[in-house]
Structure formats: structure tokens, C-alpha cells
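Visitor: Hello! Could you show me how to read bonds and charged pairs in a protein model?
Guide: Gladly, let us look together.

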Amino acid sequence: MELEKSSDRTRAAAFSSSSATSNMKPTPAAARPDKSIAHYREDANLLAEYEQSAVSGKSFNYTRSVLFPPDSVPEEQISAYLSRIQRGSLVQSFGCMLAIEEPTFRIIGFSENCHELLGLDKLDSVFESNELMGLIGVDCRTLFTPPSAASLTKATASREISLLNPIWVYSRSTQKPFYAILHRIDVGIVVDLEPARSGDPALSLAGAVQSQKLAVRAISRLQSLPGGDLGVLCDTVVEDVRKLTGYDRVMVYKFHDDDHGEVVSEIRRSDLESYLGLHYPATDIPQAARFLFKQNRVRMICDCNANPVKVIQSEELKQPLCLVNSTLRSPHGCHRQYMANMGSIASLVMAVIINGNDSTKLWGLVVCHHTSPRHVPFPLRYACEFLMQAFGLQIYMELQLASQLAEKKILRTQTLLCDMLLRDSPSGIVTQSPSIMNLVKCDGAALYYGGTCWLMGVTPTESQVKDIAEWLLNNHGDSTGLSTDSLAEAGYPGAPSLGNAVCGMATARVSSKDFLFWFRSHTAEEVKWGGAKHHPGDKDDGERMHPRSSFKAFLEIVKTRSLPWEIAEINAIHSLQLIMRDSFQDIEETGSKAVQQSDAEMQLQGMDELSSVACEMVKLIETASVPIFGVDSDGLINGWNAKIAELTGLQDSEAMGKSLVNEIVYEDSREAVENLLRRALQGKSLIAVINYYL
């Protein structure tokens, strides 16, 4: 079939209240219980409602359940939900499972299809196959050929058992080959057995190596891409994953800060409906599932219509076997129903993990769908996991680069606003270009100063801005600012009168009664479906679990919310706030500028203004989150901010006065840095990353 590939550069929509930095008071939403706990409660309730509907025969209204979660969920319901996800006692039918005790290899659990797949009916001498618990207590090695048993014995002696996967074993009775995939749990070892076709090239060493070569080739392609375009990176990954696996649809699914998801890149069969631009509520990928993806980073469902297989376990075990890392773990019926509704019979989902700041974050998923049953051999899945590790690293580097570029832009804008503020009246920052609207992404901005309002873009009316200022003074008088993506949830009583035009707001208090405002409209205006605007008249069954139902639920959630304010934006606002507070304090102390001044006074004032600008520039440079240093005409360091001190391990007291070329950079890089400095001193514009040479 012809392929259609598409990508969306719009980074739209998020819908949780964003709280401010430590210097700006958070909204009441931030005072709620941890958002992940709240999500766990919503997930548990959604699962319970689905299961209750199956018992009662009533239809399960998915959209209603998402939009109207309960205020509280019993703790036992949450415990049951987590147990059901992690210890569900069911596996997929494409393989069979054994759980064994160490070091005896005694079977303590097995899936009911072991008899069929391993041909155990021919081994009656080993156990009584007609008894339900017949395999319990049997040495699992007796089920395989002697060489296979030896391989299992050798593998279990390893401390990092998962690094040896897969182990090739053969059934003793049928001589059929299997991939044995081992991992340790609290009570022993789980052995997932996936049948390997005799003609499966991945079964041979050469086939496994070939899978790795394909992954390495894809990784090289990722690393060769020019930086600065996350969309191109995602598009390349979906192409490579589809070449490796052959699925009908491959998507990159990104998690936003509020945990909702967005399809940011997609390649698909041309006759399939596009999901590009689709946004999912956070409940579509439950928190428990996200936890599992961080533990078991590749998840395959071969056939959502196949009946799951029950796991039989020893009566001596106190709780069901933990199947978190099992490759055969069966999906919950709720997820199977969702897949069937969207026409996706098989799926392969791979976690995209980024590591940074001593933490591990699930950035998103690479999701593969197929319209018929599909099985990908373990060696190839392992190669895909290798590719995802490289993809996660490339994403982290792109995010770091984007952060540095944004910081540079903010610093430039802050410098111009600072200069404008010191040379003109305060209103210049909203009446001239650049204005405060250029500092952060917003739909409108306002300055409330001395009882007068200056408005730009989409804003409340002047009287409404004054009312918001009064509300801030009365209700948040002890704070220096506030940020929220929902004025209604923040408690502003006049929020309904603002309509959809103004939902989110960030403020900075610049004097005792004066404020800067930034406003954002509701998120739904920016959300796209399949590359086109969503039409409210589109008919869809909101009760079914389907991507369009999820999208409709998402739109309902974000009707009264704006894009959240990112930490970098809050920091930019706060930096400008510090500058303006100092400037306004000077204005209040000295009064308005004199109408007539002598030449001497003008010169003195000009020197003072230049000094002020220099001081503010020092503040901006010192607090910047990117490394910045300065050198004089002789190449001696005369500026060294905190970030470059952190990067190099060299404090400013140690760096100041030293020769950058001769004493700081590596010897083999000195010529390159010297050329850069020479060009800079000649006034030429440079784009370079000096810190690579440090």
C-alpha cells in the first residue's frame, strides 16, 4: 500500500494549572494533592466503571467517565486497580509462561497453554497431565532438551539475568524452538517462552546480528540529522521503525507536562485515518501503565481479539505472580476494547526515556498499530529498544539546544526592554517594539501603572484589568506574582465574564500597586485533528472508547484552560520583574523627570542610565541559565557567570584575569578558539559553541 507520512510542528495544548516559581505564588491548583496521585484515582475509577458495566450489562460511557471523575476513590479500589495491572494472572496466547523457584528450578506457576505449546501430553512420565496443578513442583529443565536445560542453568547463575536474553531452548517432546526470556521477581524467576518459527532468521546468530545492524544504521541516520528540528527527528524515527517492523501505522506520541498526550509524528498506510495532531486525556495512558513502560520498555500485543490465558500458581504463594516485566503480560480488557474499536488488532509500543538532572522521565512513546495479528521476534524488539535509547538521547540534546536558544532570545528581549524602560516612560514596554508580548508566548499583555492601563492584543477590558489588579491585591497581596492556566480555577470571580478569549494569566507585581499582565486564550483554539481544525458538528459516539472520543473529551477539558506557563517563561517574567521593581522604585524616589535640564545634568543623567543598564545587564548575565563569559581585547577573562562555572568546575574567582586561549581551553582547540575571538573583536557576528572547547 502507498504510505502517507505527515508531521505537525504545532506544539499545542495542555490543560493543567501551572504553578509559579518560588518567587511567585502558585495557584490553588498547585495546592492539591500530587497530580500523579490524582491521576491514579481517576484511572482506578475508570477501570472500575468499565468492569462494573461488563457485570451489569450497562453501556460504558467513556467520555462521561473522563469528564466527570469522582472527588474521591476508596483506597481498596486503587489497590485493586494496581494489583490488576501488575498481577493480573493472565498472559497472551502467542506464548506460554513458567515461574520457577531458585535454585531448585521447581515450577511454582505456569500458564494453562504450556501443555499445548510445549507438547507436554507426551511427557506423562514426568507429571500427571490430567491434574490441574500437574506442573507445580516439577523441575522445569525436564521439559526441554539437555542442551537447553544446560543453557537455562547457566543463565540463572548470572546476576544480571536479563542481559542474556533471549536464550534459545527446544521442547523435549516436540523439538520446537522457543525464545526463553528470563527475569527475576520477588519469589523466583519468570520464564516467558515465545515460539520461534523454524525459518525465523532471527533465531540464528546471524539473524540477531542483522537486527542489531539495522538498528545501528537507523541510529546513525538519527545522529546525522541537523540539530534544531525535533519534528524532523520524530519523522525519521517513525520511518525507520516502520522499516524495521512493518506495522501499518507508526506514531510518535508525546506526553505534555500535565500528562496528556499528543501525536506529533505519524507514518501510515494511505487508506488509514490519520491520528496526527490528536490529543489524548491523561487517562488514556494510565499512570500504572506509564510506570510499567519505565520498567519494561517494549510492549507487544499480538492479537487483541485473542482470549487471554490463565496463570496457575502454587497455593503456597501469598499473592498473584508479578508480571510487570513479562513480555506475555495480557492487556486489560479496557485496552483491548479500545484497540478493537479503532481497528488496531496488534500493537507494538516502545518507551522513549530521557535522562537528565539525575532523573529519568518518560518523554513519550513510539506506537505501532496493525490491522491484523502481528508478531515481532524478540531479537528485533530488542534492536528497537536499542534504537529508542538513541532516540531518547537525541531528544534530550534537542531539548537542551531549544532551551539554550530560548534563553538567548529571552535575554536579548530583556536587554532591549531594560534599555527602553530606562530611556523612556514605563509605557514604552507596551507601546513600542519589542514589547513585553515578545518575552513569552501570549495572546495579549497589559501594564497597569499609576491607575492607568495600557493594553496589547487579546486582553480583558480596562475596567476588567483594574478589577483583576484589585483581586490580586486583596487575595494575593503577599505574593509578587501569580500564574495560572485557568482564572476560574484560580478563584477569580470575574472569570466567566472574560469568556474564552482570556483563560490563562501570568502577572508580575512591579510596585506596591502596579502590575504587568500576560494573557492566553483557551487551548482548544490551537488544537488540530488530523491536520485540520476540529468541527464541533462532527458526529461520533462519545460512549465508545475511540481516539475521536478521547479527542472530544480532551476538548471539553480544555475549554476553560490555556496553555500552561512553562518554568522558563515564569523565570523570564520574574527576571523582568526584578529589573522593573528597581526601576520603578527609583522613579518613585526621584519623582518624574525634569522638563528642562542643563547640559551637565543631561550628561550626568546619561552616565547614570548607562551605569544602570550595565548593572541590569550584569544581573541578567549572572542569572542566565546558559553559560556566558567575557574577555577583553587581550583575551583575558573579565566575565564568568554561574552557569559556565558549573559547566567547567572553575569558579569566577579562579577564572577572572586568566587567558582564555592559553590557560582554559584544551591545547588542541586553542587555534580554533583564537580565530573565533579574533573575528569577534573585529565585530563579526558569530554562531559558535565555545564551551565544546573548554
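Guide: We will talk about cysteines and then about salt bridges. Keep in mind that this is a predicted model.

Visitor: How many disulfides does a search of the whole structure find?
Guide: The search finds zero disulfides.

Visitor: What about charged side chains?
Guide: Side chains of opposite charge can pair when their charged atoms come close. Across the whole structure, a search finds 15 salt bridges. One of them joins E239 and R221, with 2.8 Å from N to O. This pair links distant parts of the chain: E239 sits in helix α7 and R221 in helix α6, 18 residues apart.

Visitor: Are E239 and R221 buried or partly exposed?
Guide: E239 counts as buried at 18% relative accessibility, whereas R221 is partly exposed at 31%.

Visitor: Where do D259 and R290 lie?
Guide: Their side chains meet in a salt bridge at 3.6 Å, N to O. D259 is in the loop between β8 and β9 and R290 is in helix α8, so the pair ties together parts 31 residues apart in sequence. D259 is buried at 14% relative accessible area, and R290 is buried at 7% relative accessibility.

Notes: Residues are numbered from 1 along each chain as its sequence is written. This is a predicted model: local features need pLDDT of at least 70, side-chain atom pairs count only at pLDDT 80 or more; totals for chains, interfaces and linings use all residues. Side-chain values use heavy atoms; hydrogens and water are left out. A disulfide is a pair of cysteine sulfur atoms within 2.5 Å. A salt bridge is a side-chain nitrogen of Lys or Arg within 4 Å of a carboxyl oxygen of Asp or Glu. Helices (H or I, at least four residues) and strands (E, at least two) are DSSP runs, numbered from the N terminus. Buried means under 20% relative accessible area, exposed over 50%, partly exposed in between (1.4 Å probe, protein chains only).
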